[in-house]
Amino acid sequence: MWPLLILSVLALSTIIERSWFWVRFLLKEGQILNRILETAARNWDAAPKVAKDNINHPVGKFLYGPLRLMNPDPEVFHLALESAADDELAMMRRGDKVLEAVIALSPLLGLLGTVLGLIASLGNIQISDLGTSSTTGVTLGIGEALISTATGLIVAIISLTFYRIFQSLWFNQVRVFRKTGSELEVIYRQRWLDTDGEPSALPNNIPPKFTDTFDE
């Protein structure tokens, strides 16, 4: 039970910390994204300052990485976006390994406690004691031994529930980062074409809805 208690404390602290992180993250995400993208579309030179003002937020830090570059080549800008996204998405998965360990170890430790309890209880039984009042304590010992298995399963189930919730939030952020990065890259490539007039800088895989903007 002591190892299970330690694992439950680790799981609880991780769940509280990650829950607080995601609540703060999601409350400000949309506002920061819209502010940076709108500023970039209106005045590209002001966008880095807006992103830097929100650098404490993962989204602001993600977008500030490529925005701080001075007139980079579009391919360099794309690589900077990918690198910044990888760094921030990796940070968002902090604590996952702790929950994974708790999910894997808790049931096993609970089962181990039950097995050891059964061994201790059944080891005191003699054949001559079967069917007598002497086996009452053994029955109680078996019941107590099963508590560790139940505790391990409870800890694992709760940890797995929150782990799946955090995973779904993370996968959603992967889509958000990809969409935001694509929108920012399109704005930059359009600006690149308008300033340098290099048609070769236009990528072949730009979605159709953006090609009309470039043609105009």
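**Accessibility, salt bridges and helix packing in a predicted model**

Trainee: Is the residue E183 buried, exposed or partly exposed, and what is its relative accessible area?

Mentor: E183 is partly exposed, with a relative accessible area of 27%. Buried stands for under 20% relative accessible area, exposed for over 50%, and partly exposed for values in between (1.4 Å probe, protein chains only). The model is a predicted one, in which local features need pLDDT of at least 70, side-chain atom pairs count only at pLDDT 80 or more, and totals for chains, interfaces and linings use all residues. Residues are numbered from 1 along each chain as its sequence is written, and side-chain values use heavy atoms, leaving out hydrogens and water.

Trainee: Which residue meets the side chain of E183 in a salt bridge, and where do the two lie?

Mentor: A salt bridge requires a side-chain nitrogen of Lys or Arg within 4 Å of a carboxyl oxygen of Asp or Glu. The partner of E183 is K179, with an N to O distance of 2.5 Å. Both residues lie in helix α6, four residues apart, about one turn of the helix. K179 is exposed, at a relative accessible area of 52%. Elsewhere, salt bridges with shared partners join E17, R18 and R94 into one network.

Trainee: How far apart are the closest N and O atoms of R18 and E17, and is each residue buried or partly exposed?

Mentor: In general, side chains of opposite charge can pair when their charged atoms come close. In the salt bridge of R18 with E17, the closest N and O atoms are 2.8 Å apart. R18 is buried, with a relative accessible area of 1%, whereas E17 is partly exposed at 33%.

Trainee: Which parts of the chain does the salt bridge of D45 and R191 link?

Mentor: The side chains of D45 and R191 meet at 3.6 Å, N to O. This pair links distant parts of the chain, 146 residues apart: D45 is in the loop between α1 and α2 (47-53), and R191 is in helix α6 (residues 136-196). D45 is exposed, with a relative accessible area of 59%, and R191 counts as partly exposed at 24%. A search of the whole structure finds nine salt bridges.

Trainee: How many helices and strands are there in the protein?

Mentor: Helices (H or I, at least four residues) and strands (E, at least two) are DSSP runs, numbered from the N terminus. The protein has seven helices and zero strands, and its pattern along the sequence reads α-α-α-α-α-α-α. Of its 216 residues, 38% count as buried.

Trainee: At what angle do the axes of α1 and α5 cross?

Mentor: Axes are lines fitted to C-alpha atoms, for helices over the stretch in contact, and angles run from 0 to 180 degrees between N-to-C directions. The axes of α1 (residues 2-42) and α5 (residues 96-122) come within 10 Å and cross at roughly 155 degrees. α1 is therefore roughly antiparallel to α5. Angles under 35 degrees count as roughly parallel, over 145 as roughly antiparallel, 65 to 115 as roughly perpendicular and the rest as oblique.

Trainee: Which residues of α1 and α5 meet?

Mentor: Contact means heavy atoms within 4.5 Å. P3, L4, L7, L10, A11, T14 and I15 in α1 meet V98, L99, V102, L105, S106, L109 and G110 in α5. By class, this contact has eleven nonpolar, three polar and no charged residues. Nonpolar covers Ala, Val, Leu, Ile, Met, Phe, Trp, Tyr, Cys and Pro; charged covers Asp, Glu, Lys and Arg; the others, Gly among them, are polar.

Trainee: At what angle do α1 and α3 pack?

Mentor: α1 and α3 pack at about 40 degrees, with their axes 8 Å apart. The two helices are therefore oblique to each other. The contact is made by F21, F25, E29, I32, L33 and I36 of α1 and by P58, V59, G60, L63 and L67 of α3. Its classes are nine nonpolar, one polar and one charged. Across the protein, residues 24 or more positions apart account for 75% of the contacts with a separation of 6 or more.

Trainee: Where is N71, and what is its phi value?

Mentor: N71 is in the loop between α3 (58-67) and α4 (74-92). Its phi is near 45 degrees, a positive value in a residue other than glycine. N71 is exposed, with a relative accessible area of 53%. P74, by contrast, is placed in helix α4 and is buried at 4%. The C-alpha atoms of P74 and R189 are separated by 6.4 Å, although the residues are 115 apart along the chain.
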